[in-house]
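Hello,

Here is the structure I promised to pass on. Have a look at it first, and then read my notes below.

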Amino acid sequence: MALELYLDLFSQPCRSVYIFAKKNNISFDFKKLSLLDGQQYGEDFGKISLIRKVPALRDGDFCLAESIAIMLYLAEKFKTPDFWYPADLQQRARVNEYLSWQHTAIRMHGSKIFWLRLMIPKVMGVEIPEDKMNAALDDLNSSLKLVEEKFLQDRPFIAGDQISLADLVAIVEIVQPVGAGVDVFEGRPKLSAWRDRVQEAIGKELFDETQAECVAGQSPGSYWKGALR
Amino acid sequence: MALELYLDLFSQPCRSVYIFAKKNNISFDFKKLSLLDGQQYGEDFGKISLIRKVPALRDGDFCLAESIAIMLYLAEKFKTPDFWYPADLQQRARVNEYLSWQHTAIRMHGSKIFWLRLMIPKVMGVEIPEDKMNAALDDLNSSLKLVEEKFLQDRPFIAGDQISLADLVAIVEIMQPVGAGVDVFEGRPKLSAWRDRVQEAIGKELFDEAHQYILGAQESVKSMDSSKMQVFKPKILRLFM
């Protein structure tokens, strides 16, 4: 039985797993799951993951949730190139530091903006109080500041000279608010230059492919098109 | 220069790093930092970590934040026993899965209960609406349910037969609401049995040493200087309310 990846490309961590697997030529059965249709609550998916989130992996009898755990598993199993998760102690620590920090920083703040700007008002029809929106934007700006000033500084990528899992996880989260009309790259030349390097390292074709896989015709899906070059 | 660990044992991730280093006989300079006194915002600490959180590590020129990154660094550098972060592909994946999930689950929900039950009302003098408290307790209960039903199931520890970083990170977070007077172990025999195994694997003396401050929190808030907290008030209220 082939490796299965349960993904909804609406979801940032699904995109990082998809890109990582594709970039490394890892064969997998792409099991599309629609979060907006609530498919994560189905009985079948419950057998894959009780956490009921995507991405999820099934490799024979072995099921695994959490994009970071999945990518580390794939990196080890398929012996992907060292730069993705460097063996060097300090470089690896830099990657681990970012992967840990981002859960309650960029990921949380970017997701919140996406929901407050787009999904909640446009799809759920609920108005967002201005103070809440401003507070959320402040949080996102603080996180982006740390990405530039602490995680990147004067390095081309988070861990050094080459792309790693840290940059991949960062880029998919940072483009999420862009999809809701908040251009986080505007006025941030350092971040923009980094984005360009990341896209080049991954390959434009793979980014475009990821966009095409995002549910066609779904109006929020067009956000992806606007988010990337 | 000795390895330095910047810690405040009120903080859950500081406790896991402290326990891990002590248990593995890793020598370090214990740099105590008081979060409630705002020492994380000082100029000196800014040179250690711009994230301005604890724990933080300094090893010569190398500075590192985030407890999980710190423990993985120490595990590799000091070649700690395999069970802490097993080399076996699937066992390691189980540990990574827990370490990733917990940030926005147990850690978040347990912290929220600690602030809503204790710090915000008792130190900041702000009352917590009942619906907010109930919602927070619901979230914590959902997370604890997943710990029992998905992460433990019928295994003694999260990754299998032995303790790992996953259990260590889990226990320090689960103890936080206990420090606020919410006994999460009551009515949860499976979780209680796991806690006993974890405490035994760590060693009661070390476990108690690490947890003395948090378990004394309900008492110590009585003498806390609430004026110090006022500067944090807007940020804390935004985070938890």
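How far apart do the end C-alpha atoms of residues 1–82 of chain A lie, and what share of the span is helix or strand? Before the answer, please keep in mind that this is a predicted model. The end C-alpha atoms of that span lie 28 Å apart, and the span is 35% helix and 20% strand. In UniProt, an unreviewed entry annotates residues 1–82 of chain A as "domain: GST N-terminal".

Now for chain A as a whole. Its secondary structure comes to ten helices and four strands, and from the N terminus on the order is β-α-β-α-β-β-α-α-α-α-α-α-α-α. The radius of gyration of chain A is 17 Å, close to the 17 Å that the globule rule gives for 229 residues, so the chain is as compact as a globular protein of that length. Of those 229 residues, 57% count as buried. Among contacts between residues at least 6 apart in the sequence of chain A, 68% join residues at least 24 apart.

An α-helix has 3.6 residues a turn, so residues three or four places apart point the same way.

Best wishes

Conventions
Residues are numbered from 1 along each chain as its sequence is written. Chains are lettered from A and ligands numbered from 1 in the order in which they are written. This is a predicted model: local features need pLDDT of at least 70, side-chain atom pairs count only at pLDDT 80 or more; totals for chains, interfaces and linings use all residues. Side-chain values use heavy atoms; hydrogens and water are left out. UniProt positions are given in the numbering used here, feature names are shortened, and annotations may be inferred rather than shown by experiment. Helices (H or I, at least four residues) and strands (E, at least two) are DSSP runs, numbered from the N terminus. The radius of gyration is taken over C-alpha atoms; the globule rule is 2.2 Å times the number of residues to the power 0.38. Buried means under 20% relative accessible area, exposed over 50%, partly exposed in between (1.4 Å probe, protein chains only). Contact means heavy atoms within 4.5 Å.
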